[in-house]
Structure formats: structure tokens, C-alpha cells
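Subject: Structure for your files

Dear colleague,

Please find the structure below, followed by notes on what was found in it.

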Amino acid sequence: MSIVKVENLTKVYGKDNAQVVALDHVSFEVPKGQFLAIVGPSGSGKSTLLYILGGLDVPTGGQVLHNGVDISRLRDEQMSRM
């Protein structure tokens, strides 16, 4: 079972000609007991990914599952308990 599963995650900031794609269809799984390192150059989307994984930001598309629960569908009080 995966502790975290990210499926087709997308995050876009701005509109029209001012759009910035921070995450473009990112998918991965972190099995229970495994470690994950997120590395990359400045501006590659590391912080955006971590904000979404932590429930501090919502994705434009895709989903993040924590222990099988899609956190983008949780209400504020449910997210606080998680």
C-alpha cells in the first residue's frame, strides 16, 4: 500500500498569456516504509509540489491520495485533523 500516491498532478498559475505551469501531469507513489527526496533546480516546482502534498494548496488537476484518501476533496476541518 502507498502512503502517498500522486496521479496526473497539474498546477497552473495565472491566465491566458500569463500562465505558468508549475506542475505538468506529475505521477508517483511512495510505498509504506520508503523515503522520497524531491530535488531540482530553482523554479522546477518543488515547493509547489510540497504545498499541495501538505494540503496547503490545491492542484489545478489530478489528485493526491494520502493513505487512499483524496485530500483535495476534504473540507477544512477534515484536513486539519489529518
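What share of the 82 residues of the chain counts as buried? The figure is 26%, where buried means under 20% relative accessible area, exposed over 50%, and partly exposed in between, using a 1.4 Å probe and protein chains only.

Before the details, some notes on the source. This is a predicted model, in which local features need pLDDT of at least 70 and side-chain atom pairs count only at pLDDT 80 or more, while totals for chains, interfaces and linings use all residues. Residues are numbered from 1 along each chain as its sequence is written, and side-chain values use heavy atoms, with hydrogens and water left out.

Overall fold

Two helices and four strands make up the secondary structure of the chain; these are DSSP runs numbered from the N terminus, with helices being H or I of at least four residues and strands E of at least two. Their order along the sequence is β-β-α-β-β-α. The C-alpha trace spans about 40 × 30 × 20 Å along its principal axes. Among contacts (heavy atoms within 4.5 Å) with a separation of 6 or more, 51% are between residues 24 or more positions apart.

Salt bridges

Side chains of opposite charge can pair when their charged atoms come close. The structure has two salt bridges, each defined as a side-chain nitrogen of Lys or Arg within 4 Å of a carboxyl oxygen of Asp or Glu.

One joins Glu7 to Lys5, with 3.1 Å between the closest N and O atoms. Glu7 is partly exposed at 26% relative accessibility, and Lys5 is partly exposed at 28%.

The other is between Asp57 and Lys11, at 3.3 Å from N to O. Asp57 sits in the loop between α1 (46–53) and β3 (61–66) and Lys11 in strand β1 (residues 2–13), so this pair ties together parts that are 46 residues apart in sequence. Asp57 is partly exposed, with a relative accessible area of 23%, whereas Lys11 is buried at 9%.

Ser2 belongs to strand β1 and is buried, with a relative accessible area of 15%. Its side chain makes a polar contact of 2.4 Å with the side chain of Glu29. A polar contact is a pair of N or O atoms within 3.5 Å; within protein, one must be able to donate a hydrogen and the other to accept it, and residues adjacent in sequence count only if both atoms are side-chain atoms. Leaving aside residues up to four places away in sequence, Ser2 touches Glu29, Val30, Pro31, Lys32 and Asn67.

Val12 is also in strand β1 and is partly exposed at 23%. With residues up to four places away in sequence again left out, Val12 touches Gln19, Val20, Val21 and Thr60.

The largest pocket

The volume of the largest pocket is about 170 Å³, taken as the space filled by probe spheres set on grid points that are joined across faces, edges and corners. A pocket is an open set of points on a 1 Å grid over the protein atoms alone, where a 1.4 Å probe fits, with protein on both sides within 12 Å along at least five of seven lines; lining residues have an atom within 4 Å of a point.

Lining this pocket are 13 residues, of which Gly55, Val58, Ile71, Leu74 and Met79 lie nearest its centre. Helix α2 (residues 76–81) supplies the largest share, three residues. By type, the lining has seven nonpolar, three polar and three charged residues. Here Ala, Val, Leu, Ile, Met, Phe, Trp, Tyr, Cys and Pro count as nonpolar, Asp, Glu, Lys and Arg as charged, and the others, Gly among them, as polar.

Regards
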